[in-house]
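Reader: I'd like to learn how to read a model like this one, feature by feature. Can we walk through it together?

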Amino acid sequence: MEEAKNNSGQNLGIAALITAIITFVMAVIPCVGMIAIIPGIIAIVLAAVGLSQAQRSDSPRGVIMAGLIIGVIATMVSFSQYFVAGKFARNFDKDKWPERIEEIVNDVQDNVIRDLEDANVSIKVEDGDQKVEINVGTDKSDKEKTLEELEGADTTKHERADTTQHVSITIRK
Amino acid sequence: MKKRAWLNEPYLIINFVLAGVIMLIMIYSGIFSPDKDEYPVVCIHEKLTGEPCVSCGLSHSFSLIIRGRIDEAYEWNQYGMRIFLFFAGQLFIRLVFSVIYANHPDSRKQLIIYDIIGSSALFLITFMPFLIYIFKFS
């Protein structure tokens, strides 16, 4: 009876210590660090209950105190993960995300322009007697050839050119 | 009654439970295939921030190490190997120290002190990159 009385709170202390050690390992891993706060609190509660039982029966408190201390440290580390995630997200919101979006938009623009430079696009629209033909391409010699051909015909021509692409619109009546 | 004498020793209980937890981690890594990518544990950090953290790919890495695909394991997480070795070392330490503890009652206190110091040092060395990551952002 005396032995049982002296071991009062020991089982809770062991449970608290095991939970606290597992929590501590979890808490330092960023992927699962945030959920480690739950077993951390459980470890603290177990240690606190064990400690109160041990105090009442004047039994050894070494294991219980170890569980409590490791549990508290593990919970604090786990809690700090929330700040890490918050700061991380804030950094990306404020500084990184606009830059990244701008980079993505610029990349897409570059790709589209590069594709258009390489491509020869021809659009023809016919509405009764009217006919609109739009040609887009970069090969200047082809454009000049097309223009020469068109000059021979009875047509009205509109031409627009820029550094990256060449557009010619022909309206036939 | 004597067979259950270890139940009265907190050190042995803690060792066996921790060894069991490490075994469960090994079984988890062995059960889930790295090729199928069906791990139940997802990175909460990545879910919240949208950016992968320093420990992302650890489950993949463990599964690949268990299957002997070490090069691929390093690709998934560069710290996977050292953490896996820490757990494997801890499993070994738990079992060996338990045997020593049971067979040498005179040196139990010393053994526990060595265990605490050794395991703490190993833990710090292994998880240092993660600790730096936490303190860098917090």
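Reader: Let's begin with chain A: how many helices and strands does chain A have?

Author: Keep in mind that this is a predicted model. Chain A has 5 helices and 4 strands. Read from the N terminus, the order is α-α-α-α-β-β-α-β-β.

Reader: Which residues of H3(A) are buried?

Author: Among them are A:Ile37, A:Pro39, A:Gly40, A:Ala43 and A:Ala47. Further along, the buried set includes A:Gly50, A:Leu51, A:Ala54 and A:Ser57.

Reader: What follows H3(A)?

Author: That would be A:Asp58, and its phi is positive, near 55°.

Reader: On to charges. Which residues of chain A gather in a patch of negative charge on the surface?

Author: The patch is formed by A:Glu102, A:Glu103, A:Asp107 and A:Asp110. Take A:Asp107 as the example: you'll find it in helix H4 of chain A, residues 62-118. Its relative accessibility is 46%, so A:Asp107 counts as partly exposed.

Reader: And which residues make the nonpolar surface patch in chain B?

Author: B:Trp6, B:Leu7, B:Phe16 and B:Leu95 make that one, with an area of about 350 Å². B:Trp6 sits in the segment before helix H1 (10-31) of chain B. With a relative accessible area of 36%, B:Trp6 is partly exposed.

Reader: What's the general idea behind salt bridges, and how many are there over all chains?

Author: Side chains of opposite charge can pair when their charged atoms come close. The cut-off is a side-chain nitrogen of Lys or Arg within 4 Å of a carboxyl oxygen of Asp or Glu. Over all chains, the count comes to 5 salt bridges.

Reader: Why does the pair of B:Glu9 and B:Arg108 tie together separate parts of chain B?

Author: Their side chains meet in a salt bridge at 3.4 Å, N to O. B:Glu9 is in the segment before H1 of chain B and B:Arg108 is in helix H6 (residues 108-137), so the pair links parts 99 residues apart in sequence. B:Glu9 is partly exposed at 21% relative accessible area, and B:Arg108 is partly exposed at 22%.

Reader: Which residue does B:Arg69 form a salt bridge with?

Author: The partner is B:Asp35, with the closest N and O atoms 3.0 Å apart. B:Arg69 lies in the loop between helix H3 (58-66) and helix H4 (70-76) of chain B, while B:Asp35 lies in the loop between H1 and helix H2 (44-49), so this pair ties together parts 34 residues apart in sequence. B:Arg69 counts as partly exposed at 25% relative accessibility, whereas B:Asp35 counts as exposed at 57%.

Reader: Now B:Asp115 and B:Arg94: are they buried or exposed?

Author: B:Asp115 is buried, with a relative accessible area of 7%, and B:Arg94 is buried too, at 5%. Their salt bridge has its closest N and O atoms 2.7 Å apart. B:Asp115 belongs to helix H6 of chain B and B:Arg94 to helix H5 (residues 80-103), so the pair ties together parts 21 residues apart in sequence.

Terms used:
Residues numbered from 1 in each chain as written. Chains lettered and ligands numbered in written order. Predicted model: local features only at pLDDT ≥ 70, side-chain atom pairs only at ≥ 80, totals over all residues. Heavy atoms only, no water. Patch = residues over 30% accessible without salt bridge, like charges linked within 9 Å, V, L, I, M, F, W, Y side chains within 5 Å. Areas by Shrake-Rupley, 256 points an atom, 1.4 Å probe, with all protein chains shown as cover. Lys, Arg positive; Asp, Glu negative; His and termini not counted. Charge placed at Lys NZ, Arg CZ, Asp CG, Glu CD. Helix = DSSP H or I, 4+ residues; strand = E, 2+ residues; numbered from the N terminus. Buried < 20%, exposed > 50% of the residue type's maximum accessible area, 1.4 Å probe, protein only.
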